[in-house]
Amino acid sequence: MDPMDIVGKSKEDASLPKATMTKIIKEMLPPDVRVARDAQDLLIECCVEFINLVSSESNEVCNREEKRTIAPEHVLKALEVLGFGEYIEEVYAAYEQHKLETMDSLKGGKWSNGAEMTEEEALAEQQRMFAEARARMNGGAAPPKQPEADHPNVES
């Protein structure tokens, strides 16, 4: 692989977070097995090369289908083409799990405590928060309500 194959970066600039990779390596091995630092570095380099290989092949699959965005299906096809077909089922299961976790976090929102709100409850909460913000802006006094006719430049 050419050192400039990684878009906009030299090969030496492409890496994975060492702490995260070391944690993954340790979690995958029995607790009584130790890994030398050189071996950890080599495993990390292998991971980077693997990602580059799968990314490149995924891009080629995407191009053959005349698409502009690499989709999960392109990655799965790339794994098959590269001879990693036996892992596709496990990779797909991990992808599905990731989608579920991502949807849950997006659905819950970063302020959610896990409880679901109805649309009416969410609207009431939003209106309450807006009223509090208006009160703070106006020094505690609620602003007088003005009819929409008084705002000729505002379009609905």
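Glu-66 lies in the loop between H2 and H3, where helices are DSSP runs of H or I with at least four residues, numbered from the N terminus. The model is predicted, and local features need pLDDT of at least 70, side-chain atom pairs count only at pLDDT 80 or more, and totals for chains, interfaces and linings use all residues. Residues are numbered from 1 along each chain as its sequence is written, and side-chain values use heavy atoms, with hydrogens and water left out.

Although Glu-66 is not a glycine, its phi is positive, at about 55°. Glu-66 is exposed, with a relative accessible area of 72%; exposed means over 50%, buried under 20% and partly exposed in between, for a 1.4 Å probe and protein chains only.

The chain contains five helices and zero strands, a strand being an E run of at least two residues. Along the sequence the pattern is α-α-α-α-α. Of the 156 residues, 13% count as buried. Among contacts with a separation of 6 or more, 32% join residues 24 or more positions apart; contact means heavy atoms within 4.5 Å.

The largest pocket holds about 720 Å³ of space. Of the 21 residues that line this pocket, Cys-47, Phe-50, Ile-51, Leu-79 and Val-91 are the closest to its centre. A pocket is an open set of points on a 1 Å grid where a 1.4 Å probe fits, with protein on both sides within 12 Å along at least five of seven lines, and lining residues have an atom within 4 Å of a point. The helices below each supply at least two residues of the lining.

| Helix | Residues |
|---|---|
| H1 | 18–28 |
| H2 | 37–64 |
| H3 | 72–81 |
| H4 | 88–108 |

H2 gives the largest share of the lining, seven residues. By class, the lining has 19 nonpolar, one polar and one charged residues; Ala, Val, Leu, Ile, Met, Phe, Trp, Tyr, Cys and Pro count as nonpolar, Asp, Glu, Lys and Arg as charged, and the others, Gly among them, as polar.

H1 and H2 pack at an angle of about 105°, and their axes are 10 Å apart. H1 is therefore roughly perpendicular to H2, a term that covers angles of 65 to 115 degrees. In this contact, Lys-18, Met-21, Thr-22, Ile-25 and Lys-26 of H1 meet Gln-40, Asp-41, Leu-43, Ile-44 and Cys-47 of H2. The contact has five nonpolar, two polar and three charged residues.

Definitions and conventions
Grid points are joined across faces, edges and corners, and a volume is the space filled by probe spheres set on the points. Axes are lines fitted to C-alpha atoms, for helices over the stretch in contact, and angles run from 0 to 180 degrees between N-to-C directions. Angles under 35 degrees count as roughly parallel, over 145 as roughly antiparallel, 65 to 115 as roughly perpendicular and the rest as oblique.
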